[in-house]
Amino acid sequence: MRNGQDWLSSRTFHHSEFSDVPALVERKRERGLSISLCFPTLNEEATIAKEIVIVKSELQMRYPLVDEIVVIDSGSTDRTREVAAEYGAKVYLATDILPDIEPYKGKGENLWKALYVLEGDVIVYVDADIKNIHPRFVYGLVGPLLKNDDTRFVKAFYDRPIALDQKTVKPSGGGRVTELVTRPLFSSFYPELAQFIQPLSGEYAGFRECFDTIPFPIGYGVETSMLMDIYDRFGLEAMAQVDLDKRVHRNQSTVALGRMSFGIIQTFIAKLKASGKATMAGELYKTMIQFELEGGAYRRKESMIDIVERRPIVELPEYLAKFPARAGEA
Amino acid sequence: MRGILDRTRALESSLASMKELLLGNVVLLGEVPSYAGTWQSDDEMSSVDYSVRARFFADRMSELGVDECTTDPLGNPIGIIKGDEPGRPPILVCAELDSLFNPPGDIHYAIDGDTIVGPGMMDNAIGAAAVMSLPDVLKREGISLRSTVMLAGIANTMRDSKNLTLVDRFLDSLGTRPSAAIIVKGGELGRLNYFSEAVVRADILCERRPGARQVPPNMIIVANEIIDRLLELELPQKPETAVTVGMIRGGYKYGTPATTARVGIELRSTSNEALSALTNRIAGILDQVRHERRVDIEYDVAAALGAASLGWSHPLTSAAIAVIQELGLELNVYPSVSELYYFLQRGIPAVTIGVATGSDYHQELASASLRSLYSGMAQLIGVMLAADEEAADA
């Protein structure tokens, strides 16, 4: 594998290497950069307040590392938006951003639309369901970007304990989709990317050009697709990963993970076709078929998972009107 | 005093603008388990068992800009904010760092509107976080005191039944006697302890006698007999005196008579003499059961506090009452059965106050009101300012 072990050892960090936050703030100032943090949300009232409080307290009020905290919401039916605004985040409903464009619903849609409202040169995406939020989730991600001039994108990895119920936490065993789907696919077609310990982690940061020049699937495949596109466009040397230690979050059912895997496989194959790495004799089916045991009998359950992809936002006239300096990239 | 009260009331509203800082401190401190781990002292000769929460408290205070941060020989972190008149004795503000309730697994706090939820919140994560937040709050509010302020977190009070004796040792280790001390508890807001009851907390351990020839009695039955005799005691209503059986443990198998049993009791009285008399009567009961049942009975005192009082009319008591009333809080005066005695015994004017309103203190979902913490912090600073002024007048 090209650059295999070298990359793993030279581009894998631990968050503690960047815990000197005042030094990061100074580095940010020297490089004249601004940093935006985005939380994509859908019904996250249980965790969003704490995430905002910790980042605002530690990385805005105490040390001005993060310039803005933005919540992009998919249409929560709980108090997510209200709570986030109460704690000082800028809050947007995804459908209110670029309202003239046909809306879709999904995390990828939020991440893509966030690029239009975020002002920073560096964008940090952090999932909003983290129970053990800590400033390291942000400074660990931006640290490699600020300290190493050639690093453009950083992906998080961590231990992923599974919360079996309210009392019981299993210390390992998370990342099932990673080990059973994504890593085998990467190993087969993109072995360099198989070195990412948690390719599906929802926490990553990068310079704006990493995100605004790539397409965004609106649904499950966004993290997989993002890695492939950033790799194709900027190369492995521009990418890094950082160990954020433990991350505690809601556990998903195997059925839900099955749907997620289906979406990732669909996205992956579409990207393979587009890159010419594989050809298909026909079209893929878009329906995930699962079974539920109900009253002693199996019941067929179908989920339609269509892969819709947003084109690079830098190609959008509205985006270029707001960020004219990005015009050369379109 | 009027100026201090006005300042205190103004502080309450400006503290609301620091809610993220206050909340951040509560969450970050409370999520560090108070029972877990140790960290090694820089002093290689030391064999002290340092708690991770104590380390966090010390690091945080250094980061928040205290003039000095140190640890005493017991590993208790102490931050020092130098006063404008360094020759004056310091004001001590302290909080227990430990949480009595510790859940299995990691601790995660949640914020739900005005409520912060998580194990150990009220006893005593939020109290310790209030003390830890002081350097930042005082700096942002431009408040400086003439007296030096010592901010102390007292660790390991819950470990190995050491209980309050570590507070006693903490005070022994202080080089200078403070002019006043404010003991900060999580709850409840409005609480004021300026006097203590005489208290003895003790374990009664019943064990079969080694080599006993007779069939040994079931120690749970023996413990039960002791409890029955304790309940038969006629106790005076004045001075008010009480016995509480708080804990019982014994046995190891459903079908086997217990070979050991332990009963945890607390004796309280408003009079040292009455408590002493009660202790003697209990010693008599234990002697009687020991001989009649032919078993070993030990009486281990975990903590013994005396009755002491700062006095209703002491300037520190009066100042605390004035501040509490100025903030519109309901004054709740009752005797301390905790560390206050050790301060008063040494002649250190001291009061215990609470900084938040909360519920379910010792459960998984212990909670505190964020808004109440604004009042609690304002109250704490108001009492500090009053103690500073009083020390100047003394």
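Author: Two residues are taken to be in contact if their C-beta atoms, placed from the backbone, lie within 7 Å. The model is predicted: local features need pLDDT of at least 70, side-chain atom pairs count only at pLDDT 80 or more, and totals for chains, interfaces and linings use all residues. Residues are numbered from 1 along each chain as its sequence is written, while chains are lettered from A and ligands numbered from 1 in the order in which they are written.

At the interface, 13 residues of chain A are in contact with 11 residues of chain B. On the chain A side, the most is given by helix α3 (residues 48–62), with 8 residues. Helices (H or I, at least four residues) and strands (E, at least two) are DSSP runs, numbered from the N terminus. Divided by class, that side of chain A holds 7 nonpolar, 2 polar and 4 charged residues. Here Ala, Val, Leu, Ile, Met, Phe, Trp, Tyr, Cys and Pro count as nonpolar, Asp, Glu, Lys and Arg as charged, and the others, Gly among them, as polar.

Chain A itself, which supplies this helix α3, contains 11 helices and 14 strands. Its radius of gyration is 19 Å, close to the 20 Å that the globule rule gives for 330 residues, so chain A is as compact as a globular protein of that length. That radius is taken over C-alpha atoms, and the rule is 2.2 Å times the number of residues to the power 0.38. The C-alpha trace of chain A spans about 60 × 45 × 45 Å along its principal axes. Of its contacts with a separation of 6 or more, 73% join residues 24 or more positions apart.

Between them, 4 residues of domain 1 are in contact with 8 residues of domain 2. The side of domain 1 that touches domain 2 has 2 nonpolar, 2 polar and no charged residues.

Chain B also has an open sheet of 4 strands, in the order β4-β5-β18-β17 and with antiparallel pairing; two strands pair if DSSP finds at least two bridges between them. Strands β4 (110–112) and β17 (358–359) of chain B are its edges, each pairing on one side only. Between β17 and β18 (residues 367–369) of chain B there are 2 bridges, and B:Ser359 has B:Ser367 as its bridge partner.
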